[in-house]
Amino acid sequence: MILITGTANPELSEDIAKHLKTKLTDITIKKFACGEIYVKLNETVRGHDVFIIQTTDSNEAIMELLLMIDAARRASANRVTVVIPYYGYGRQDRKAEAREPISAKLIANLITVAGANKILTIDLHASQIQGFFDIPLDDVWAFPLFAKHFKKINLKNMVVVSPDAGGVKRALRLSKELDAPIAMIDKRRAEHNKIDEMRIVGDVEGKNAILFDDMIDTGGTLCQATKAVKDAGAENVYLCATHAVFSNDALEKLNKSVAKEILVTNTIKTKDDGKIKILDISKALAMAIKNINENKSVSTLDKQIMAGD
């Protein structure tokens, strides 16, 4: 097994390597004066099972990833599995208006053409993105990490709240693990990152509400949703999201929100800040990588995570 990391989130890659009791392969990544990116693998990967770890949270990170895949294939790697903790452009998964691209599909095409044999992701924004790839893709769920946290603090009288209709299946997985009821926020969006109206579908009054989404971007919508749940009578509101995109002044908004605690994972490079607490995803990814390397099932990983320490 060979592990290679880009520059998007090397700390996460280091933690994954520690769990697997191995080290990251030596690699040179730099920029030329003109802005072009240069990549060179400084160790042989010939005949090896190669795992390239790179969160694609920027255009530069995507280009780095494509070059690393190409370098590994040209160096005669036996298999190249691309580990993408956060799949950038995932929200652009369809044509919402005329003359728009389907950017999530384009990124899938680029990764495939570059030479990837398999993809490993965490909580894709939309499940249909799996079908954008013509190669195998495993999408690992992060909900067991959040479930373990709430079980550890012995939180009672819970209700899991989906921030919209599209996230109900995601919320159902967490609610099943916590044996809690579910509610949903019906929201009407006039334009990107702006909500016109919100109403709660379900009972949250007097309960510890867990608002669960796949990502936090600007934080505006989820802060509004947190307030709406609190105004509906929830005793406390815990905000959970897998991917901490945190655009613009998101951190400030979140820390000023009515949320009691905000939980995110480290799929994107971030750190604890006020109400924000990071749950480490590295062990889950290491388990998935080990299963893939040993040609074992990844579909039972949620049970492995819940059973682990």
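Predicted model: local features only at pLDDT ≥ 70, side-chain atom pairs only at ≥ 80, totals over all residues.

Visitor: Where does N157 lie, and what is its phi?

Guide: N157 lies in the loop between α4 and β8 (158–162), the element names referring to DSSP runs numbered from the N terminus (helices are H or I with at least four residues, strands E with at least two). Phi of N157 is near 50°, a positive value in a residue other than glycine. A positive phi is also found at N295, where the angle is near 55°, in the loop between α8 (282–293) and α9 (301–307).

Visitor: Why does K207 have no salt bridge?

Guide: A salt bridge calls for a side-chain nitrogen of Lys or Arg within 4 Å of a carboxyl oxygen of Asp or Glu. For K207, which is buried, the nearest side chain of opposite charge is D203, and that is 4.7 Å away (Lys and Arg count as positive, Asp and Glu as negative, and His and the chain ends are not counted). K207 lies in the loop between β10 (194–201) and β11 (208–216). Leaving aside neighbours within four places in sequence, the contacts of K207 (heavy atoms within 4.5 Å) include N157, M158 and A234.

Visitor: What makes A234 count as buried?

Guide: A234 has 5% relative accessibility, so it counts as buried. A234 sits in the loop between α6 (220–231) and β12 (236–244), and its contacts, leaving aside neighbours within four places in sequence, include V204, E205, G206 and K207. The C-alpha atoms of A234 and D203 are separated by 8.9 Å, although these residues are 31 residues apart along the chain.

Visitor: What makes K23 and E43 a salt bridge?

Guide: The closest N and O atoms of K23 and E43 are 3.5 Å apart, and the pair forms a salt bridge. K23 belongs to the loop between α1 (10–19) and β2 (27–31) and E43 to the loop between β3 (37–41) and β4 (49–53), so the pair ties together parts that are 20 residues apart in sequence. K23 is exposed, at 55% relative accessible area, while E43, at 31%, is partly exposed.

Visitor: How far apart in helix α2 are D70 and R74?

Guide: D70 and R74 are four residues apart in helix α2 (residues 59–74), which means that about one helical turn separates them. Their side chains meet in a salt bridge at 2.6 Å, N to O. By the same rule the count comes to 16 salt bridges.

Visitor: Why is the pair of F32 and Y38 called edge-to-face?

Guide: Rings of Phe, Tyr and Trp (its six-membered ring) pair if their centres lie within 6.5 Å, and planes under 30 degrees apart count as stacked, over 60 as edge-to-face and the rest as tilted. The count by this rule comes to five aromatic pairs. F32 and Y38 are 5.7 Å apart, centre to centre, with 65° between the planes, and form an edge-to-face pair.

Visitor: What sits over the ring of Y38?

Guide: The charged end of K30 sits over that ring, 5.3 Å from its centre, the rule being that NZ of Lys or CZ of Arg is within 6 Å of the ring centre and within 35 degrees of the ring normal. R173 likewise lies over the face of W141, at 3.9 Å from the ring centre.

Notes. Residues numbered from 1 in each chain as written. Heavy atoms only, no water. Buried < 20%, exposed > 50% of the residue type's maximum accessible area, 1.4 Å probe, protein only.
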